Amino acid sequence: MKAILVKEDKSLVWDNVPDPIIKADEVLVKIEYAALNRADLMQREGDYPPPEGCPEWMGLEVSGEIVEIGKAVPAECTLKIGDKVCALLGGGGYAEYVAVKYDMCMPVPKGCTMVEAAAIPEAFATAYLNLFMEGNIKAGNTLLMNAGASGLASVIIPMAKAFGIRVITTVLSDEIADSIKHLNADRIVVTTKEDISEVLKEELSEGRSVDVAIDCLGGEIMGKCIHYLTHGARWIMIAALAGQKTEIDLKNIYVRNVRIIGSTLRSRSPEVKAQILSKLVSEVWEKVESGAVRPTIYEVLPITEAEKAHDLLYAGKNVGKVVLKVEQ
(Lines give C-alpha, C1' and ligand atoms only; values in the text may rest on other atoms or scores of the structure.)
Protein backbone atom coordinates (compact mmCIF):
# COMPACT_ATOMS: atom_id res chain seq x y z
CA MET A 1 0.00 0.00 0.00
CA LYS A 2 0.96 3.66 -0.03
CA ALA A 3 1.37 6.17 2.80
CA ILE A 4 2.65 9.70 3.32
CA LEU A 5 6.28 9.61 4.48
CA VAL A 6 8.46 12.44 5.79
CA LYS A 7 11.72 12.81 3.85
CA GLU A 8 14.99 13.95 5.41
CA ASP A 9 14.32 17.53 4.32
CA LYS A 10 10.88 17.35 6.06
CA SER A 11 9.01 17.32 2.75
CA LEU A 12 6.19 14.80 2.27
CA VAL A 13 5.97 12.01 -0.28
CA TRP A 14 3.21 9.49 -1.15
CA ASP A 15 5.23 6.28 -1.32
CA ASN A 16 5.07 2.50 -0.95
CA VAL A 17 5.14 0.95 2.54
CA PRO A 18 4.45 -2.60 3.78
CA ASP A 19 0.81 -3.65 4.04
CA PRO A 20 -0.43 -3.69 7.65
CA ILE A 21 -0.90 -7.07 9.31
CA ILE A 22 -3.64 -7.03 11.91
CA LYS A 23 -3.24 -8.49 15.38
CA ALA A 24 -5.87 -10.83 16.79
CA ASP A 25 -7.72 -7.98 18.57
CA GLU A 26 -7.54 -5.54 15.65
CA VAL A 27 -9.54 -4.73 12.53
CA LEU A 28 -8.24 -3.57 9.16
CA VAL A 29 -9.78 -0.34 7.89
CA LYS A 30 -9.66 0.70 4.25
CA ILE A 31 -9.23 4.45 4.68
CA GLU A 32 -11.46 6.90 2.82
CA TYR A 33 -10.53 10.13 4.60
CA ALA A 34 -7.90 11.23 7.14
CA ALA A 35 -8.22 14.47 9.12
CA LEU A 36 -5.31 16.71 10.05
CA ASN A 37 -4.27 17.78 13.54
CA ARG A 38 -1.53 20.07 14.81
CA ALA A 39 0.08 17.00 16.34
CA ASP A 40 0.80 15.90 12.76
CA LEU A 41 2.90 19.02 12.23
CA MET A 42 4.79 18.35 15.45
CA GLN A 43 5.42 14.75 14.39
CA ARG A 44 6.63 15.91 10.98
CA GLU A 45 9.13 18.21 12.71
CA GLY A 46 10.36 15.35 14.91
CA ASP A 47 8.88 16.74 18.13
CA TYR A 48 5.99 14.30 18.69
CA PRO A 49 6.95 10.69 17.94
CA PRO A 50 4.18 8.10 17.58
CA PRO A 51 3.61 5.63 20.42
CA GLU A 52 5.58 2.40 20.30
CA GLY A 53 4.15 -0.08 17.82
CA CYS A 54 2.39 2.54 15.69
CA PRO A 55 3.35 3.25 12.06
CA GLU A 56 5.94 5.96 11.48
CA TRP A 57 3.63 8.00 9.24
CA MET A 58 1.21 10.59 10.55
CA GLY A 59 -2.55 10.53 11.02
CA LEU A 60 -4.59 10.34 14.23
CA GLU A 61 -8.15 10.03 12.90
CA VAL A 62 -9.74 8.43 9.86
CA SER A 63 -12.99 7.21 8.38
CA GLY A 64 -13.34 4.14 6.21
CA GLU A 65 -14.63 0.61 5.83
CA ILE A 66 -13.74 -2.50 7.82
CA VAL A 67 -12.31 -5.12 5.45
CA GLU A 68 -10.86 -7.64 7.93
CA ILE A 69 -11.51 -8.59 11.56
CA GLY A 70 -9.05 -10.30 13.91
CA LYS A 71 -9.85 -13.68 15.42
CA ALA A 72 -9.76 -12.43 19.03
CA VAL A 73 -12.16 -9.50 18.60
CA PRO A 74 -14.79 -10.20 21.30
CA ALA A 75 -18.05 -11.77 20.24
CA GLU A 76 -20.01 -8.97 21.93
CA CYS A 77 -18.34 -6.44 19.62
CA THR A 78 -20.85 -5.53 16.92
CA LEU A 79 -18.30 -4.63 14.23
CA LYS A 80 -18.47 -6.59 11.01
CA ILE A 81 -16.82 -6.55 7.59
CA GLY A 82 -18.32 -3.80 5.46
CA ASP A 83 -19.16 -1.50 8.37
CA LYS A 84 -18.42 2.19 7.93
CA VAL A 85 -16.47 3.46 10.93
CA CYS A 86 -14.36 6.31 12.20
CA ALA A 87 -11.28 5.45 14.24
CA LEU A 88 -8.88 7.04 16.72
CA LEU A 89 -5.26 6.11 15.99
CA GLY A 90 -1.88 6.39 17.67
CA GLY A 91 -0.62 7.15 14.16
CA GLY A 92 -0.75 5.78 10.63
CA GLY A 93 -3.81 7.48 9.20
CA TYR A 94 -2.13 9.07 6.17
CA ALA A 95 -2.32 5.80 4.24
CA GLU A 96 -4.55 3.47 2.25
CA TYR A 97 -5.12 1.04 5.12
CA VAL A 98 -4.61 0.96 8.88
CA ALA A 99 -4.75 -1.76 11.52
CA VAL A 100 -6.52 -0.55 14.64
CA LYS A 101 -7.69 -2.14 17.89
CA TYR A 102 -11.41 -2.87 17.67
CA ASP A 103 -12.36 -0.59 20.58
CA MET A 104 -10.75 2.42 18.87
CA CYS A 105 -13.46 2.28 16.19
CA MET A 106 -16.86 3.96 16.38
CA PRO A 107 -19.86 3.68 14.08
CA VAL A 108 -20.34 6.67 11.80
CA PRO A 109 -23.17 8.75 13.30
CA LYS A 110 -26.40 8.73 11.28
CA GLY A 111 -26.54 11.60 8.83
CA CYS A 112 -22.77 12.22 8.92
CA THR A 113 -20.73 12.16 5.74
CA MET A 114 -17.49 10.18 5.67
CA VAL A 115 -15.61 13.48 5.44
CA GLU A 116 -17.25 14.66 8.66
CA ALA A 117 -16.69 11.26 10.28
CA ALA A 118 -12.93 11.48 9.68
CA ALA A 119 -12.86 14.77 11.59
CA ILE A 120 -14.61 13.32 14.65
CA PRO A 121 -12.40 10.86 16.61
CA GLU A 122 -9.40 12.94 17.74
CA ALA A 123 -11.19 16.26 18.08
CA PHE A 124 -14.33 14.87 19.74
CA ALA A 125 -12.31 12.64 22.10
CA THR A 126 -10.09 15.60 23.05
CA ALA A 127 -13.16 17.76 23.57
CA TYR A 128 -14.89 15.19 25.78
CA LEU A 129 -11.72 14.49 27.77
CA ASN A 130 -11.10 18.13 28.60
CA LEU A 131 -14.66 19.31 29.06
CA PHE A 132 -16.05 16.50 31.14
CA MET A 133 -13.22 14.38 32.54
CA GLU A 134 -10.52 16.97 33.26
CA GLY A 135 -12.78 20.03 33.44
CA ASN A 136 -15.74 18.37 35.19
CA ILE A 137 -17.85 21.06 33.55
CA LYS A 138 -21.59 21.27 34.27
CA ALA A 139 -24.64 22.83 32.65
CA GLY A 140 -24.77 26.50 33.56
CA ASN A 141 -20.97 26.81 33.87
CA THR A 142 -18.91 29.20 31.72
CA LEU A 143 -16.13 27.95 29.43
CA LEU A 144 -13.27 29.96 27.95
CA MET A 145 -12.11 28.32 24.72
CA ASN A 146 -9.11 30.13 23.30
CA ALA A 147 -8.40 30.17 19.53
CA GLY A 148 -12.01 29.91 18.43
CA ALA A 149 -11.18 29.32 14.76
CA SER A 150 -9.16 26.16 15.43
CA GLY A 151 -10.36 22.73 14.40
CA LEU A 152 -10.65 21.71 18.04
CA ALA A 153 -12.65 24.80 18.96
CA SER A 154 -15.05 24.04 16.10
CA VAL A 155 -15.99 20.92 18.09
CA ILE A 156 -15.59 22.07 21.70
CA ILE A 157 -17.77 25.17 21.33
CA PRO A 158 -20.88 23.44 19.91
CA MET A 159 -20.37 20.42 22.20
CA ALA A 160 -20.30 22.69 25.23
CA LYS A 161 -23.37 24.60 24.00
CA ALA A 162 -25.24 21.32 23.42
CA PHE A 163 -24.72 20.47 27.10
CA GLY A 164 -25.98 23.82 28.38
CA ILE A 165 -22.63 25.57 28.91
CA ARG A 166 -21.99 29.28 28.31
CA VAL A 167 -18.97 29.85 26.03
CA ILE A 168 -16.49 32.71 25.62
CA THR A 169 -13.95 32.37 22.81
CA THR A 170 -11.14 34.42 21.29
CA VAL A 171 -10.16 35.26 17.70
CA LEU A 172 -7.76 37.67 16.02
CA SER A 173 -10.07 39.64 13.72
CA ASP A 174 -13.66 40.63 12.96
CA GLU A 175 -13.45 38.56 9.79
CA ILE A 176 -12.61 35.42 11.77
CA ALA A 177 -15.32 36.27 14.29
CA ASP A 178 -17.86 36.32 11.46
CA SER A 179 -16.60 32.97 10.18
CA ILE A 180 -17.29 31.21 13.50
CA LYS A 181 -20.70 32.72 14.30
CA HIS A 182 -22.33 29.41 13.36
CA LEU A 183 -20.65 27.82 16.40
CA ASN A 184 -22.95 29.97 18.60
CA ALA A 185 -20.42 31.04 21.23
CA ASP A 186 -22.04 33.46 23.67
CA ARG A 187 -19.19 35.96 23.47
CA ILE A 188 -16.51 36.23 20.78
CA VAL A 189 -13.58 38.40 21.87
CA VAL A 190 -11.49 39.92 19.07
CA THR A 191 -8.16 40.19 20.85
CA THR A 192 -6.75 42.87 18.54
CA LYS A 193 -9.55 45.14 19.80
CA GLU A 194 -10.21 43.90 23.35
CA ASP A 195 -7.88 42.69 26.10
CA ILE A 196 -9.13 39.21 27.05
CA SER A 197 -7.84 39.60 30.61
CA GLU A 198 -9.95 42.76 31.00
CA VAL A 199 -12.94 40.91 29.54
CA LEU A 200 -12.52 38.12 32.10
CA LYS A 201 -12.15 40.71 34.88
CA GLU A 202 -15.44 42.24 33.75
CA GLU A 203 -17.11 38.81 33.61
CA LEU A 204 -15.92 38.07 37.15
CA SER A 205 -17.26 41.37 38.49
CA GLU A 206 -20.65 40.68 36.88
CA GLY A 207 -20.94 37.18 38.35
CA ARG A 208 -20.36 35.27 35.08
CA SER A 209 -16.76 34.20 35.65
CA VAL A 210 -15.07 31.33 33.85
CA ASP A 211 -15.28 27.88 35.47
CA VAL A 212 -13.15 26.03 32.92
CA ALA A 213 -10.59 27.32 30.39
CA ILE A 214 -9.21 25.16 27.59
CA ASP A 215 -6.03 26.80 26.35
CA CYS A 216 -3.87 25.86 23.36
CA LEU A 217 -2.06 29.22 23.32
CA GLY A 218 -0.39 29.81 26.70
CA GLY A 219 2.19 32.57 26.63
CA GLU A 220 2.13 35.84 28.54
CA ILE A 221 -1.63 36.31 28.35
CA MET A 222 -2.34 33.04 30.17
CA GLY A 223 -0.75 34.37 33.36
CA LYS A 224 -2.80 37.56 33.13
CA CYS A 225 -6.10 35.78 32.52
CA ILE A 226 -5.83 33.11 35.19
CA HIS A 227 -6.34 35.73 37.92
CA TYR A 228 -9.97 36.32 36.90
CA LEU A 229 -11.65 32.92 37.21
CA THR A 230 -14.32 31.36 39.41
CA HIS A 231 -13.17 30.06 42.79
CA GLY A 232 -12.15 26.44 42.14
CA ALA A 233 -11.83 26.94 38.37
CA ARG A 234 -9.77 24.64 36.12
CA TRP A 235 -7.33 26.01 33.52
CA ILE A 236 -6.47 23.18 31.12
CA MET A 237 -3.31 23.54 29.04
CA ILE A 238 -3.32 21.43 25.88
CA ALA A 239 -0.60 23.30 23.93
CA ALA A 240 1.47 26.49 24.06
CA LEU A 241 1.36 27.92 20.56
CA ALA A 242 1.77 31.51 21.82
CA GLY A 243 4.68 30.75 24.13
CA GLN A 244 5.82 28.24 26.73
CA LYS A 245 6.47 30.73 29.55
CA THR A 246 4.21 32.99 31.55
CA GLU A 247 4.14 34.81 34.91
CA ILE A 248 1.55 33.80 37.50
CA ASP A 249 0.63 35.24 40.89
CA LEU A 250 0.86 32.01 42.92
CA LYS A 251 -1.05 33.48 45.86
CA ASN A 252 -4.03 33.96 43.54
CA ILE A 253 -3.83 30.27 42.61
CA TYR A 254 -4.05 28.91 46.14
CA VAL A 255 -6.39 31.56 47.56
CA ARG A 256 -8.88 30.99 44.73
CA ASN A 257 -8.26 27.21 44.60
CA VAL A 258 -7.55 27.39 40.87
CA ARG A 259 -6.13 24.24 39.30
CA ILE A 260 -3.77 24.25 36.32
CA ILE A 261 -4.05 20.95 34.43
CA GLY A 262 -1.78 19.72 31.65
CA SER A 263 -3.63 17.44 29.25
CA THR A 264 -2.96 15.51 26.03
CA LEU A 265 -5.09 12.76 24.55
CA ARG A 266 -2.23 10.91 22.88
CA SER A 267 -0.50 10.12 26.18
CA ARG A 268 -3.58 8.37 27.62
CA SER A 269 -3.65 4.62 27.98
CA PRO A 270 -5.58 2.54 25.43
CA GLU A 271 -8.09 1.72 28.18
CA VAL A 272 -8.79 5.41 28.86
CA LYS A 273 -9.11 6.16 25.15
CA ALA A 274 -11.56 3.27 24.73
CA GLN A 275 -13.59 4.63 27.67
CA ILE A 276 -13.73 8.08 26.06
CA LEU A 277 -14.87 6.67 22.71
CA SER A 278 -17.56 4.61 24.42
CA LYS A 279 -18.79 7.75 26.19
CA LEU A 280 -18.89 9.62 22.88
CA VAL A 281 -21.14 7.00 21.33
CA SER A 282 -23.45 6.75 24.37
CA GLU A 283 -23.62 10.45 25.34
CA VAL A 284 -22.67 12.59 22.33
CA TRP A 285 -23.73 10.67 19.21
CA GLU A 286 -27.39 11.65 19.60
CA LYS A 287 -26.35 15.30 19.59
CA VAL A 288 -24.24 14.71 16.47
CA GLU A 289 -27.13 12.96 14.74
CA SER A 290 -29.51 15.80 15.65
CA GLY A 291 -27.09 18.31 14.13
CA ALA A 292 -26.39 20.06 17.46
CA VAL A 293 -22.70 19.11 17.23
CA ARG A 294 -20.88 18.67 13.93
CA PRO A 295 -17.26 19.21 12.91
CA THR A 296 -16.62 22.24 10.72
CA ILE A 297 -14.81 21.19 7.53
CA TYR A 298 -12.57 23.88 6.08
CA GLU A 299 -11.13 22.09 3.05
CA VAL A 300 -10.78 18.59 1.57
CA LEU A 301 -7.64 17.83 -0.45
CA PRO A 302 -6.29 14.68 -2.13
CA ILE A 303 -3.82 12.85 0.10
CA THR A 304 -1.16 13.42 -2.54
CA GLU A 305 -1.46 17.12 -1.61
CA ALA A 306 -0.72 16.52 2.08
CA GLU A 307 2.03 19.13 1.99
CA LYS A 308 -0.43 21.79 0.80
CA ALA A 309 -2.84 20.69 3.53
CA HIS A 310 -0.10 21.06 6.16
CA ASP A 311 0.68 24.53 4.85
CA LEU A 312 -2.89 25.58 5.68
CA LEU A 313 -2.32 24.58 9.31
CA TYR A 314 1.16 26.13 9.45
CA ALA A 315 -0.32 29.41 8.20
CA GLY A 316 -3.30 29.23 10.56
CA LYS A 317 -5.64 29.82 7.62
CA ASN A 318 -8.11 27.08 8.39
CA VAL A 319 -11.38 27.74 10.20
CA GLY A 320 -12.27 24.17 11.14
CA LYS A 321 -10.77 20.89 10.01
CA VAL A 322 -8.63 20.10 6.96
CA VAL A 323 -9.24 16.59 5.61
CA LEU A 324 -7.34 14.39 3.16
CA LYS A 325 -9.19 12.17 0.66
CA VAL A 326 -7.52 8.80 0.03
CA GLU A 327 -7.93 7.69 -3.59
CA GLN A 328 -7.59 3.92 -4.09
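A salt bridge is a side-chain nitrogen of Lys or Arg within 4 Å of a carboxyl oxygen of Asp or Glu, and the views below show such contacts in a predicted model.

**View 1. A network of salt bridges links Arg 166, Arg 187, Glu 194, Glu 202, Glu 203, Glu 206 and Arg 208.**

**View 2. Arg 166 and Glu 203 meet through their side chains in a salt bridge, with a distance of 2.9 Å from N to O.** Because Arg 166 belongs to strand β9 (residues 166-171) while Glu 203 belongs to helix α6 (residues 196-205), the pair ties together parts that are 37 residues apart in sequence. Glu 203 has a relative accessible area of 0%, and being under 20% it is therefore buried.

**View 3. A salt bridge joins Lys 193 to Asp 174, whose closest N and O atoms are 3.2 Å apart.** Distant parts of the chain are linked by this pair, since Lys 193 sits in the loop between β10 (187-190) and α6, and Asp 174 sits in helix α5 (residues 174-179), 19 residues apart. Lys 193 is exposed, with a relative accessible area of 58%, whereas Asp 174 is partly exposed, at 40%.

**View 4. The side chains of Arg 268 and Glu 134 form a salt bridge of 2.9 Å, taken from N to O.** Here, too, the pair links distant parts of the chain, with Arg 268 in the loop between β13 (259-262) and α9 (270-289) and Glu 134 in helix α3 (residues 121-134), 134 residues apart.

Note on methods. Residues numbered from 1 in each chain as written. Predicted model: local features only at pLDDT ≥ 70, side-chain atom pairs only at ≥ 80, totals over all residues. Heavy atoms only, no water. Helix = DSSP H or I, 4+ residues; strand = E, 2+ residues; numbered from the N terminus. Buried < 20%, exposed > 50% of the residue type's maximum accessible area, 1.4 Å probe, protein only.
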